[in-house]
Amino acid sequence: MIPYGRQDIQQADIDAVLQVLQSDFLTQGPIVPRFEQAVAAKVGARHAHAVNSATSALHIACLALGLGEGDWLWTTPITFVASANCGRYCGAQVDFVDIDSRTYNLCPTALEAKLERAEAQGRLPKVVVAVHLCGQPCDMQAIHTLSRRYGFHIIEDASHAIGGKYQGEYIGSGRYSDITVFSFHPVKIITTAEGGMALTNDDALASRMDLLRSHGVTKDPELMTHESDGPWYYQQVDLGFNYRMTELQAALGVTQLERLDDYVARRNALAERYDSQLTRLPVVTPWQHPDSYSGRHLYVIRLKLDEIDVSHRQVFKSLREQGIGVNLHYIPVHTQPYYLAMGFQRNDFPEAQRYYAEAISLPLYPTMTTAQQDEVVNALQQAMEVA
Ligand SMILES: *Cc1c(COP(=O)(O)O)cnc(C)c1O
């Protein structure tokens, strides 16, 4: 089976992890801060907080922004459930904004229309989670302009997008958002097995997230309510969690990060090769905005169903049967039973629904060979029964 995504582990990664195992600290040592500083320096952010997953990063990001009961969080329906669930963790209500037909990202025009209606109804969102689907950045400048007019905060869910660029700057620089979140799950661009990171340029948000990832406990005298009782002393000043990343994970992250640009370049080269090979098939290949350099976490095609005699389900099934580990990113979140129970209807977001009926993620990962890629293209041709 050719998987849809796969991590790349090299000797340098193994050596780095082994070194930590033989060191004094398996957690809360020097490597986590080293990894944080390396990512912050790479993408041009002031602060970075490593955590045990992007899901945890989204949670503390929402809490740091003050999201709570009575508030609304908006995001795209075409994302992993975690982009929406973080709002529910905070007791907020969740709503969705339909996608753009070309980028498949949250559509700024649909966002503007929904904001106008929400303002009239007095239910504007407190937080909008902009998800850079497949690694292609959202139209952040437009979303940022709307945030100024309507007073919401922006979290970039850049789980797919580390190493990509928007308007020539690395995603994570935070020019158009409050907080950016990365995921280091093995299918993502670089991995720490499980892991995530929250980045911000705002000192107060950084300090809040630092507390929240570790029990709300601090040893910083400046954050305490009164003078220290002694050298053993710490205070719990908020209700936090244990969302810490281990030293083993961070060591893997440091060595993986050194290869980030190579990974993204390789992903882009393979994606462009797919583009040219697929022109002869009845599929829509991913459109790329000229302002963006995608991290290319995923390569999603859309079937031109009116030009073929087989169904989306048949093509997908045939590819799997031919040993091609295709996937579908994503089932629209509002159609999950948990969200349907809140009153969403399947056809609430028509562009997302159309996408779901046509999309297939083809295998893409940096160690994929061109021979494997040819195998995928041939299998797809076979599956679509076109000559
Ligand atoms: C993978 C992913 C997440 C969650 O990441 P974890 O590190 O597995 O918690 C969140 N949002 C998006 C868009 C993702 O793809």
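K188 lies in the loop between strands β8 (179-183) and β9 (196-200). Helices here are DSSP runs of H or I with at least four residues, strands are runs of E with at least two, and both are numbered from the N terminus. This is a predicted model: local features need pLDDT of at least 70, side-chain atom pairs count only at pLDDT 80 or more, and totals for chains, interfaces and linings use all residues. Residues are numbered from 1 along each chain as its sequence is written, and side-chain values use heavy atoms, with hydrogens and water left out.

**K188**
- An unreviewed UniProt entry lists K188 for "modified residue: N6-(pyridoxal phosphate)lysine". Such annotations may be inferred rather than shown by experiment.
- K188 counts as buried because its relative accessibility is 15%. Buried means under 20% relative accessible area, exposed over 50%, and partly exposed in between (1.4 Å probe, protein chains only).
- Leaving aside residues up to four places away in sequence, K188 touches S159, H160, S183, R267 and H297. Contact means heavy atoms within 4.5 Å.
- The side chains of K188 and S183 make a polar contact (3.5 Å). That term means a pair of N or O atoms within 3.5 Å; within protein, one must be able to donate a hydrogen and the other to accept it, and residues adjacent in sequence count only if both atoms are side-chain atoms.

**The ligand**
- There are 15 residues around the ligand, and T55, D157, H160, S183 and K188 come nearest. To count as near, a residue needs a heavy atom within 4 Å.
- Polar side-chain atoms reach oxygen atoms of the ligand from T55, at 2.5 Å, and from H160, at 2.7 Å.
- The protein covers 93% of the 380 Å² of accessible area that the ligand has on its own. Areas come from the Shrake-Rupley method with a 1.4 Å probe; for residues, only the protein chains shown count as cover.

**Helix α3**
- At its start, a side-chain oxygen of S53 comes within 3.3 Å of the backbone nitrogen of T55.
- Just after α3, G66 has a positive phi of about 85°.

**Helix α13**
- The 15 residues of α13 (370-384) should span 21 Å at 1.5 Å a residue, and the end C-alpha atoms are 21 Å apart, which agrees. The expected span is 1.5 Å times one less than the number of residues.
- Its buried residues include Q373, V376 and L380.
- The buried residues of α13 pack against α9, β12, β14, α10 and β15.
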